[in-house]
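Reader: I would like to go through the charge pairs, one surface patch, a sheet and a helix. Can we take them in turn?

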Amino acid sequence: VTDFDGFYTINLVDANALLVFTYVGMQSQEQSAANGASLDVQMEADTEALEEVVVVGYGTQRKSDVTGAVSSVKGEDLLQRPVTNALQGLQGRVAGANVYLNSGSPTAAPRVIIRGLGTINSDSSPLYVVDGVVMEDIQFLNPNNIESMEVLKDASSTAIYGARGANGVILVTTSRGAKTEGVTVSYDSYMSVGTLRKEMDLLNSREWLEVVETGFANTTKYRPNEPAPVFTKSDPTLFDSAGNPLYDTNWQREATRTAISHNHQLAVQSKSANSSVGAFLNFSDTEGIMLNNDLERWNAKLTYDTKIKEWLSFGANILVNYTKENGYEEGGGGQVPRRTMIEMPPIFPVRFPDGTYSNSRMITDPYNIESMANPVHVLETQVRNNLRNQVFGNVYFQFNIADGLDFKTQFGVDKQDRTFRYFSPNDLLNTSAPLGNASAREEKYLYWQQENFLSYNKTFGDSRVNGVLGASWQERDVFGFTAQSEGFPDNSLSFYRLQSGSVFGEPQSGYNSWSINSYFARVGYTYKDRYLVTLTGRADGSSRFGANNKYGFFPSIGLGWVLSEENFLSESTFFDRIKLRTSYGITGNTEIDPYSTLATISSGTALINGQRVNDSFVSRIPNPDVSWETTTQFDVGFELATSSNPRISLELDYYYKLTEDLLLDRPIPRSTGFSTIRDNIGSISNKGLEVSLGSSYSTEKFYWESKLNLNFNQNRIEELGANNEDIFPGPGFVSGSNTILRVGEPVASFWGLKRLGIWGTDEVEAAAAVGAIPGEAKRSTEREIIGNGLPKWTGSFINSFRLGNFDFAVDLQFVYDVDILQQATHSIEDRTGIANGLRTILTQGWTPDNQNTQVQQIRNQGTSGQNSQVDSHWVADGSYLRGNLFTLGYTLPNDFVSSLGIQTLRVYGSLDNAFVVQSDGFQGYDPEGSSNDSQFGQNIFFFQYPRPRTFTLGFNFKF
């Protein structure tokens, strides 16, 4: 490492040593040392980038030989920001892979969609394979151990995973032993501070009281036969003698905090002539900005690789992961803190002077406020304690049978024990009062896989062959049980003594299992480094499908042409690589619940004559013909790279995906005793364009690398059953399902009325004809599609700079042409008087003097009812530009750190989620989010967990 001016000093033990100068993306340079002499070295771009090896299913390939759409992200790029899981760091780094951080909680799981949403009832998540073993829950994998992540997007790359590859595959390679002989020790650490990036614009105490008073006065407009209620401000615990409120509580600030987090990673790696060892230990403690929400993780990993004989190698990779979280309720629409910190009236304090928590009913004035505990009370006393223990890893033996021919047998396991403990005290109004409730749930997961495969890599003159042939067995078992009770004498025992409750819930337990038996093959052929072909096939048999369709076959073909190796371009000094590739193939989706194709019997107990008796009933009708969803995908790609300075790289992909035989619950006549049956009906298409444009520029003192990722995707429902009937899948809300599945439209289409304005004083008769009066919302008579929650355009622009010992990174992310359904508008603008709401109620609300508005006239819901339905006024433009990350680092001079016995030492600071430029119509915390578990409910939320702005300081050193 040189100083700002390019100077360096090396202290040699051997004056005749050979110095090797290396830099990522540059050719290595070797110079013989001459004691006391000055050596000037000019690095040159590495024109052999075609020899780069990328990880693919069941092995590796030269990047130049890959015919599929594969994107690779290095581990250090994932860690540029403080992340609790690897998927956060992946956001924006791969064109075609959308990572949605739907919540700011450290315990929330990101949602990943690769090349569009192609399923309805099945899981849309990609398949995660870590060091060759499928990992079901990658959320808690330690990102500090990751060396690279490969995202497989098209059929040529994913067909090797057959029935589990339809949603894409993410391959994760973790760190192992040292790559060069000797021992290295590294330690990385950071501390971060998270704060609330923005506040929603709510009414203060004075304004809220004005809304209540105005609503009372307007009662006779909506209820002409009822007198207007009397508005008072006389409660002495909340008002002074002049009627002024004693409190003006900002509940957003009270329910959130400055979150302090820290992370520590220690790695010891060694290598000898025939073996290598890696030992890794990680501890992280991540606070959420909501009170009492945090995630603590301990992670230990040990790897061992050795060559026992010239023909036999052995390796083991064992990971032990422990997480403890104070979780946060992410779904539902009840009185949860992310809602009540918006709706709790500001006239109440967190606590009264005697230390008692307030709630919304602690007032003598007749305001008829909605019942709710204050959010601080809930956050400080409710417990969501979740524990996870995971043992994950694999062992392998590899036999070198002949030159280029290897046989590998490996066994992998993912064992997880999860404990969920919940307690809600007996004094939380409208939540768990007056009894309190507690529960404990245990879940035990065991997944194992055993795989055997032959690998063949051989060069014959102008020909190069890469092949894989193998078999796989997988099985997953889950057992769980739950106990719950309520009616506790006090709150001291929490969930530790469920038997102390007076009312017991029915204990429940359950078990399910599935297995897959597979056979797979892939052969890749390259001729003269120019012409490429890859053939892949996998046969899968799954226990989850009907007796008549247990097995399926998933083939693909990939073709490539490296034009830059042709004679007419091979002598070019400008082009380093020009490549055309295309692929076509079929993959599947097995992700449905076990036994959902069988006739099943549910059992339990029923209360008859005051006594519990056993009961059982047929709960599902069988369908032995059910099979997997199949996704047929066509891809054509173009790759270009120059050898100039600046160096430019371009990768373009066009794809078309058609998912058929959708696994849906088809309606059947109720005379059968059932309402639906699981069947294969319907199809969805996704077509899109991916662009990845990169450049790098270097001088003696300066280096600049930039990358633009851009993705366009158009989703369309092609077929839904025999008659293409509309399906209303939810989530349900004040006026039914908020989404619709309709042929010709995209999944995640919002369904509601169109708000045409507000009835005016010159429209009294027209308003009366539909049961309305001036000041109420004017809506269409029929529902229609009012928006869509899946973006058409997503992208990022990432820049890295290096000047001397300084490095700087800028990460910008953007989304365009997408909508947000703000369900919260129902209770914080369309419904007034019984809870707090947006300031727009006052500033934009309809009055006889302000009729050109979309906000209804103030009324009091408790005395006059409400006029609230899902309509287009709730929908906002979801496009945004985010300042995702800014990082500044400094690597200390080599001569200084050498004197300390350290090899390298870098310090850095970063700012995450610095700013968001968004539409004026969006009223929430962050335009990226979702607060429901609906498969097609992206960008629908009924209040949010705020995503923090985070400041980080850290350092990395190695010796």
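Reader: Which residue does arginine 351 meet in a salt bridge?
Author: This is a predicted model. The side chain of arginine 351 sits 4.0 Å, N to O, from its partner.

Reader: How many residues apart are arginine 351 and glutamate 380?
Author: Arginine 351 lies in the loop between helix H7 (337-343) and helix H8 (375-381). Glutamate 380 lies in helix H8. The pair links distant parts of the chain, and the separation is 29 residues.

Reader: Is glutamate 370 buried or exposed?
Author: Glutamate 370 forms a salt bridge with arginine 831, with the closest N and O atoms 2.7 Å apart. The cut-off for buried is under 20% relative accessible area. Glutamate 370 has 18%, so it is buried.

Reader: And where is its partner, arginine 831, in the chain?
Author: Glutamate 370 is in the loop between H7 and H8. Arginine 831 is 461 residues away, so far as the numbering goes, and counts as buried at 8% relative accessibility. Its place is the loop between helix H11 (825-830) and helix H12 (840-843).

Reader: What is the relative accessible area of aspartate 540?
Author: Aspartate 540 forms a salt bridge with arginine 538, the closest N and O atoms being 3.0 Å apart. Arginine 538 counts as buried at 2% relative accessibility. Aspartate 540 is buried too, and its value is 2%.

Reader: How many salt bridges does a search of the whole structure find?
Author: Some salt bridges share partners. One network joins Arg115, Lys153, Arg577, Arg581, Asp635, Glu639, Glu651, Asp653 and Glu690. The search of the whole structure finds 50.

Reader: Which strands each supply at least two residues of the nonpolar patch?
Author: The patch covers about 820 Å² of surface. Its residues include Ile557, Leu559, Phe634, Val636, Tyr654 and Tyr656. The strands asked for are E24 (551-562), E28 (629-642) and E29 (647-660).

Reader: What is the relative accessible area of valine 523?
Author: Valine 523 is one of the patch residues. It is found in strand E22 (residues 508-527). A patch residue needs over 30% relative accessible area. Valine 523 is partly exposed, at 38%.

Reader: Which strands stand at the edges of the three-stranded open sheet?
Author: The order is E44-E43-E47, with mixed pairing. Each edge strand has a single partner strand, so one side of each is left without a neighbour in the sheet. The edge strands are E44 (875-877) and E47 (940-941).

Reader: Which residue in E44 stands opposite aspartate 819?
Author: Strand E43 (residues 819-822) pairs with E44. The sense is antiparallel, over three bridges. Opposite aspartate 819 stands aspartate 877.

Reader: What span should helix H4 have?
Author: Helix H4 (residues 205-217) has 13 residues. The expected span is 1.5 Å times one less than the number of residues.

Reader: Which helices do the buried residues of H4 pack against?
Author: Buried residues in H4 include Trp208, Leu209, Val212 and Phe216. In an α-helix there are 3.6 residues a turn, so residues three or four places apart point the same way. The buried residues of H4 pack against H5 (219-222), H12 and H13 (861-864).

Methods
Residues numbered from 1 in each chain as written. Predicted model: local features only at pLDDT ≥ 70, side-chain atom pairs only at ≥ 80, totals over all residues. Heavy atoms only, no water. Helix = DSSP H or I, 4+ residues; strand = E, 2+ residues; numbered from the N terminus. Buried < 20%, exposed > 50% of the residue type's maximum accessible area, 1.4 Å probe, protein only. Patch = residues over 30% accessible without salt bridge, like charges linked within 9 Å, V, L, I, M, F, W, Y side chains within 5 Å. Areas by Shrake-Rupley, 256 points an atom, 1.4 Å probe, with all protein chains shown as cover. Pairing = 2+ DSSP bridges. Contact = heavy atoms within 4.5 Å.
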